[in-house]
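Hello,

Here is the structure I promised to pass on. Please open it first, then read my notes below.

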Amino acid sequence: MEFQADAIDRVIKNTIDVMESSKYQIFEILQVARDELVALNKELQRVMDETDETLKKVDKLELQYHRSRIRLTEVSRDFVRYSERDIRVAYEKATELQLELMMTREREVYLRSRRDELQLRVRSVENSVERAEAIGSQMSVVLEYLSGELGQVTRIVESAKNRQMIGLKIILAQEEERKRIAREIHDGPAQMLANLVLRTEIVERMLVKQEFGLVQDEVLDLKGQVRYSLEEMRKVIFNLRPMALDDLGLIPTLRKYVHDYEEKTKIRTSFETRGKEHRLSSAMEAAVYRLVQEALSNAAKHAFPSYVLVEITYQAQLIKIVIKDNGLGFNVKKVSEQANRESFGLVGMRERVELLEGRMEILSAENQGTTIVVHIPTNVEKGRE
């Protein structure tokens, strides 16, 4: 049996080495694709702006050419008022405008073709980025799972399948959370900072040209963007770990989250507490906060309610959490039997509750809303938490 375990260890080590190398190659491909996507978007924007300017120029030239034709007709008919030189000037002007109009129309055709080509390339590169991100995420899940303590591989192989599935789900949830955070930072603060860099370059050019009035307006606008970027960064930090959870406690933090949730989703939300409030351990408060967060997120994504109630009840050795909505509802038995992405949130919540030695009950029916009731013991040993 020891020989078999060693052989498995060697196979897994070789597999990890190969996958680590492949993971970095995929990362490099992903980075190149992202850089190409940024460059293509800049080029596309430039071409679109130039196309708009060319269209305006075509309209202007068509109007000028039309007027020049009328002028040429007029001077050609009236030999008394206009000399041969006037006719020649009118003819040359009309010919010049006609030539310029033809060249501008050709430029318009080329720009339209270039724009369509760039749009196709942007979509292609976006698909490549998405595929590379998906592959990288999947490889990270497998690598993290395989990179565990290799001395326990034999026991893992002989253990129950449900424990393996729980481990994989936890790792997958971690990778999804990392991916979400990376996208939030890339699409939010990172883009804003990149824009600030470009705006500061514009300010530098204005200073060189001594356009101090424009510089003042630009600096005021930059100040507003910096404040907005700071606010976005604070939101990302709050989503990672609400600082108020450690400073103020569970109830004030949840009350703030429910208020923000109501403003963001436009769903009327009530938050109520019962019993004598008292501080729980840091891990317990974080777990309860995440449970409520996941339940409200699921309600907004899938139930589409107009009203949600969150109720926290403190008991002697128990905390009771009730999340109730008047949304679409669902068949609890049918969803529980399906291991699909839609039920993944509920599965994750149930596993969190089980880790806390609690129990969760889901009451729902189609078109009758959903009620989630969670009981968590607060006298669990700190080590177990």
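Start with the aromatic residues. Tyr257, Tyr261 and Tyr289 form a cluster, linked by ring pairs. Keep in mind that this is a predicted model. The count of aromatic pairs is 2. Take Tyr257 and Tyr289. Their ring centres lie 5.7 Å apart and their planes meet at 65°, so this pair is edge-to-face. Tyr257 belongs to helix H7 and Tyr289 to helix H8, so the pair ties together parts that are 32 residues apart in sequence. Buried or exposed, Tyr257 and Tyr289? Both are buried.

Next, the nonpolar cores. In soluble globular proteins, nonpolar side chains tend to be buried together. Here, the largest nonpolar core holds 37 residues. Leu250, Leu296, Ile312, Ile321, Ile372, Val374 and Ile376 have the most contacts inside it. Which elements give two or more residues to this core? They are helices H7 (250-265), H8 (282-303) and H10 (344-355), plus strands S2 (307-314), S3 (318-325), S4 (359-364) and S5 (370-377). H8 supplies the largest share, 10 residues.

Leaving aside residues up to four places away in sequence, Ile312 touches Ile251, Leu254, Phe271, Glu272, Thr273, Arg274, Ile319, Lys320 and Ile321.

There is also a second, separate core. That one has 15 residues, including Leu111, Leu118, Val129 and Ala132.

Best wishes

Notes: Residues are numbered from 1 along each chain as its sequence is written. This is a predicted model: local features need pLDDT of at least 70, side-chain atom pairs count only at pLDDT 80 or more; totals for chains, interfaces and linings use all residues. Side-chain values use heavy atoms; hydrogens and water are left out. A nonpolar core is a set of buried Ala, Val, Leu, Ile, Met, Phe, Trp, Tyr and Cys residues joined through side-chain atoms within 4.5 Å. Buried means under 20% relative accessible area, exposed over 50%, partly exposed in between (1.4 Å probe, protein chains only). Helices (H or I, at least four residues) and strands (E, at least two) are DSSP runs, numbered from the N terminus. Contact means heavy atoms within 4.5 Å. Rings of Phe, Tyr and Trp (its six-membered ring) pair if their centres lie within 6.5 Å; planes under 30 degrees apart count as stacked, over 60 as edge-to-face and the rest as tilted.
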